[in-house]
Amino acid sequence: MSRELGTAAKEMVRRLGRLPKPYCNKINRDSTMLVPIFTLKLNHKINPRMVTVGKYDGVHPCLTAATQAGKVFIHNPHSRGQRLVAHRVVQSTQDSDTSLLNINQSVSCLTAGVLNPQLGYDSLVVGTQTNVLAYDVHNNSDLFYREITDGANAIVLGNLGNVSTPLAIIGGNCALQGFDYEGNDLFWTVTGDNVRSLALCDFDSDGKKELLVGSEDFDIRVFKEDEIVAEMSETESITSLCSMYGSRFGYALSNGTVGVYDRTTRYWRIKSKNHAMSIHAFDLNSDGVCELITGWSNGKIDARSDRTGEVIFKDNFNSSVAGVVEGDYRMDGHTQLICCSIDGEVRGYLPSSSEMKGNLMDTSVEHEVVRELSQKKQNLLLELRNYEENSKQADTSGQKSEGDVQMGIIPANTQLQTALSVNLGSEVQAPHVELSISTSNDTIIRAVLIFAEGIFEGESHVVHPNVQSLSGHIRVPITPPKDVPVDLHIKAFVGYRSSTQFHVFELTRQLPRFSMYALGSTGSDPEPRSFVHFTTSERVQRVIMWLNQNFLLPEDTEIQSVPFQICFTSLRGAGPLYIKMNSSGEISINTDDIDLAGDIIQSLSSFLAIEELQVEADFPKYFEELKKVLLQVDEYHSVHQKLTADMADHSNLIRSMLVQAEDARLMGDMKTMKKRYVELYDYNRDLINGYKIRSNNHNELLNSLKVVNQAIQRAGRLRVGKPKAQVISACRDAIRGNNLNVLFKIMRVGTASS
């Protein structure tokens with residue numbers, strides 16, 4: 001085998017050695033760097049991820065972005081003679097091409113697009129932590145202004161599924177709401193955590209758009225209207241999503257990861273020490289396929305192939321990128337890629353011509369490619385020398401000698417074996433899953449590298465045993481934080497104690513979804529009062545097969561056919577889990593953890609291909625805590641209304657006293673003027689204190705609403721298909737009607753009807 005590998009290495013070196021010397025000159029002649037076709041310097045600081053382009057008169061594209069001063073600027077260099085000075089929009093004093101929209105609150109998201117198709121032009125939608133405003137910029141008037149108790153963290157505008165009219169879809173505090181151009185609430189559902197990003201994409205290629213939702217619980221969820229059709233787990237919060245074409249979409253995480261999915265299959269991903277501030281799909285090299293354009297926190301802009309993630313273009317700003325959009329900003333019939341920095345610098349790039357043949361980078365980058373090839377050549381030469389030395393040692397003696405051991409030669413039949421088991425822990429070590437790695441002979445393992453998403457800090461873990469304790473067996477403790485299946489990519493360095501070179505074994509082992517649950521004996525733990533009951537027509541053997549694939553069961557475990565009862569203990573301290581099935585197909589899941597029950601229902605339904613599932617469920621302890629939260633929500637709402645009324649009264653008094661004080665000043669009555677201004681000072685202090693109380697009350701209200709929305713989502717996850725959507729909709733109606741008894745009945749049996 002060593003000789004065969006050595007021959008392959010020789011051939012690779014020979015080919016690399018034939019790289020022609022004038023190759024660099026050829027690159028210089030044929031390549032052309034893609035440069036901006038226009039640059040702007042706006043006199044406004046731009047908030048990250050709050051940039052859009054809209055045709056507010058149906059013709060001229062206007063760059064629109066949020067500023068740090070609670071305003072939105074609209075840059076329109078095409079109609080310099082027009083000035084908007086009424087209602088919300090005023091002309092900027094710094095730039096004649098810019099108008100300012102006063103929001104008077106901190107802007108959290110914005111977008112532009114067609115909201116009312118009858119108008120024939122785009123509308124601007126702006127979200128804050130308490131309100132959403134849909135604005136007709138052309139007529140300088142509000143389309144609607146709505147208060148949103150769940151806040152607005154992300155916004156997307158377009159057609160969703162079978163809804164006939166475009167919607168402004170708002171993602172907030174574990175909730176999603178969709179409004180039409182009149183402000184009617186046509187879409188509402190809940191999701192697992194605070195929403196950070198939204199996008200519309202034809203995920204299942206049926207010609208209708210699905211909603212992609214990225215949230216703080218590291219999940220990307222796909223909603224077909226109000227039904228979840230797919231979920232993808234990532235390693236950090238999803239900060240950006242963008243539709244590319246068909247069912248393909250790009251994503252960015254808060255830890256610097258960007259990548260591309262096609263449906264539930266991830267094509268590629270890369271991770272950077274910088275943060276991705278904005279991503280956008282744009283065909284920059286004119287090959288008919290969109291690239292993923294990413295703007296980074298260090299000011300870098302790069303374009304990557306949607307298929308491989310290879311960089312085909314990059315540029316740099318002097319400050320962090322705020323947003324990446326597109327539009328025909330020069331009005332010449334060609335769409336440009338528009339990139340903005342937080343300092344207000346704007347650059348526009350035109351897609352390359354066919355003559356550039358996809359080569360959009362500077363020649364220095366091509367030199368970098370040649371340097372990398374040269375380095376690869378040197379590495380192959382070094383590897384070739386090692387093979388030749390090993391071959392010499394093997395030829396001088398037919399049996400293993402001390403020289404062979406030092407060079408790292410190991411028996412040809414050496415294998416790397418792995419096993420997963422549950423370790424209940426000890427006084428010094430918490431319960432965990434144990435990965436055992438061993439060799440099949442007397443060789444030793446010098447080091448192990450394990451790569452796994454979402455388990456280890458930095459996504460990789462290296463084990464270096466002490467030289468004194470080297471052996472052919474290593475145990476690695478693993479503690480997955482969530483119940484999701486994880487692929488463990490293992491690399492082990494195998495040799496002998498005196499070896500100077502080691503063989504690298506690579507293999508992949510999957511960690512089952514519910515690996516953090518140890519098999520226990522029935523009756524050892526009291527059966528939980530909380531339960532989920534449902535009936536299925538599936539054979540019991542299929543359910544047992546699901547158990548074997550999703551739990552770490554000892555090899556000697558035998559599960560009786562029908563009826564069966566199996567008990568697990570959570571290694572995270574969540575208590576016992578009982579799963580039972582009888583001869584009539586009734587399945588019971590007993591656990592006090594409603595999230596675990598939902599995960600089991602979803603996993604089992606997916607494995608058994610169950611499209612619709614209605615269940616009966618009861619979680620007494622959880623429902624009792626939820627009842628307390630719902631009562632707190634009512635109290636917070638009452639306090640909010642009272643504080644708002646008090647603030648309005650104080651504002652009227654302040655307005656009256658200010659007029660009286662100015663009247664006294666004009667009449668020369670300094671004593672009265674001083675008295676009124678002292679009263680104004682006191683009222684102002686009261687207003688500030690009232691604002692602090694109101695702000696704290698609002699934060700507490702948001703936290704309580706998050707708990708309520710998550711409870712609805714958890715109740716939905718106990719069902720599958722239409723019953724799931726019906727539960728979520730019925731729960732919302734019950735909360736609107738403040739009918740707690742009906743709400744808990746819906747959560748238990750799935751419907752409000754008796």
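# Working chat: strands, cores and a helix face

Student: How many helices and strands are there in the protein?
Tutor: The protein has ten helices and 42 strands. Helices (H or I, at least four residues) and strands (E, at least two) are DSSP runs, numbered from the N terminus. This is a predicted model, in which local features need pLDDT of at least 70 and side-chain atom pairs count only at pLDDT 80 or more, while totals for chains, interfaces and linings use all residues. Residues are numbered from 1 along each chain as its sequence is written, and side-chain values use heavy atoms, with hydrogens and water left out.

Student: What share of the residues count as buried?
Tutor: Of the 754 residues, 49% count as buried. Buried means under 20% relative accessible area, exposed over 50%, and partly exposed in between (1.4 Å probe, protein chains only).

Student: And what part of the contacts comes from residues 24 or more positions apart?
Tutor: They account for 57% of the contacts with a separation of 6 or more. Contact means heavy atoms within 4.5 Å.

Student: Sheets next. What is the strand order in the open sheet of four strands?
Tutor: The order is 33-32-35-36, and the pairing is antiparallel. Two strands pair if DSSP finds at least two bridges between them.

Student: Which are the edge strands?
Tutor: Strand 33 (460-463) and strand 36 (503-511), each of which pairs on one side only. Strand 35 (residues 486-495) is joined to strand 36 by nine bridges, and I490 stands opposite L507 in strand 36.

Student: What does strand 31 pair with?
Tutor: Strand 30 (residues 416-423) is antiparallel to strand 31, with eight bridges between them. There, L416 has T439 of strand 31 as its bridge partner.

Student: Is strand 31 mostly covered or exposed?
Tutor: Mostly covered: eight of the eight residues in strand 31 (residues 432-439) are buried.

Student: Different topic. Which residues touch the most other members in the largest nonpolar core?
Tutor: V532 and F551, in a core of 57 residues. A nonpolar core is a set of buried Ala, Val, Leu, Ile, Met, Phe, Trp, Tyr and Cys residues joined through side-chain atoms within 4.5 Å.

Student: What is F551 in contact with?
Tutor: Leaving aside neighbours within four places in sequence, F551 is in contact with P512, F514, Y517, W546, F568, L577 and I579. There is also a second, separate core of 28 residues, which includes F456, L488, L511 and L552.

Student: Which residues of helix 5 are buried?
Tutor: In helix 5 (residues 540-550), the buried residues are V540, V543, I544, W546, L547 and N550. Seen down the axis, they fall within an arc of 155° (taken from the directions from the helix axis to the C-beta atoms), so they line one face of helix 5.

Student: What do they pack against?
Tutor: The buried residues of helix 5 pack against strand 39 (564-570), strand 40 (576-581), strand 41 (586-590) and helix 6 (594-608).

Student: L608 is in helix 6. Why does it count as buried?
Tutor: Because its relative accessibility is 4%. Leaving aside neighbours within four places in sequence, L608 is in contact with E538, R542 and V543.
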